[in-house]
Amino acid sequence: MTDGFERVVEGSLWMAVDYGVTAVLGAVFWALMARMVPAVEVGRATTAIALATTLVAFVSLGVPAAASKFIAEYRVRGQVEYTHAVYR
């Protein structure tokens with residue numbers, strides 16, 4: 001394997017771990033909230049969060065994902081100086 005490919009694989013694995021940890025912590029949070037707060041309030045909270053998440057997804061239009069892709073590609077190619085230009 002090339003050094004760049006290994007870094008991409010390692011970065012992808014860390015992103016997967018991050019997603020998994022976030023999912024588990026979210027499930028624990030909502031399980032605790034379901035026991036502590038009335039069902040109506042939990043429903044309102046989940047609706048508000050779902051609406052906010054949807055709005056953020058439409059507003060960002062995939063820019064963070066695209067930026068991650070370009071930054072990763074520039075790093076693999078050894079063009080680190082271009083990574084700073086992605087967010088300018």
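Glutamate 41 has a relative accessibility of 37% and therefore counts as partly exposed, a class lying between buried (under 20% relative accessible area) and exposed (over 50%), computed with a 1.4 Å probe on protein chains only. This is a predicted model, in which local features need pLDDT of at least 70 and side-chain atom pairs count only at pLDDT 80 or more, whereas totals for chains, interfaces and linings use all residues. Residues are numbered from 1 along each chain as its sequence is written, and side-chain values use heavy atoms, with hydrogens and water left out.

The side chain of glutamate 41 meets that of arginine 44 in a salt bridge, with an N to O distance of 2.9 Å. The term denotes a side-chain nitrogen of Lys or Arg within 4 Å of a carboxyl oxygen of Asp or Glu. Arginine 44, at 52% relative accessibility, counts as exposed. Both glutamate 41 and arginine 44 belong to helix H2, where 3 residues, or about one turn of the helix, separate them. An α-helix has 3.6 residues a turn, so residues three or four places apart point the same way. Side chains of opposite charge can pair when their charged atoms come close.

Helix H2 itself comprises 22 residues, 39–60, and reaches 31 Å from its first C-alpha to its last, close to the 32 Å expected at 1.5 Å a residue. Here the expected span is 1.5 Å times one less than the number of residues. Helices are DSSP runs of H or I with at least four residues, numbered from the N terminus. Just after H2, leucine 61 adopts a positive phi of about 50 degrees.

The whole structure contains 3 salt bridges according to the search. In helix H3 (residues 63–77), lysine 69 and glutamate 73 are 4 residues apart, about one helical turn. Their salt bridge brings the closest N and O atoms to 2.6 Å. Lysine 69 is partly exposed at 43% relative accessibility, and glutamate 73 is likewise partly exposed, with a relative accessible area of 27%.

Glutamate 73 also forms a salt bridge with arginine 77, for which the closest N and O atoms are 3.7 Å apart. Arginine 77 and glutamate 73 both lie in helix H3, again 4 residues or about one turn apart. Arginine 77 counts as exposed, at 54% relative accessibility. Through shared partners, the salt bridges join Lys69, Glu73 and Arg77 into one network.

Terms used
Helices (H or I, at least four residues) and strands (E, at least two) are DSSP runs, numbered from the N terminus.
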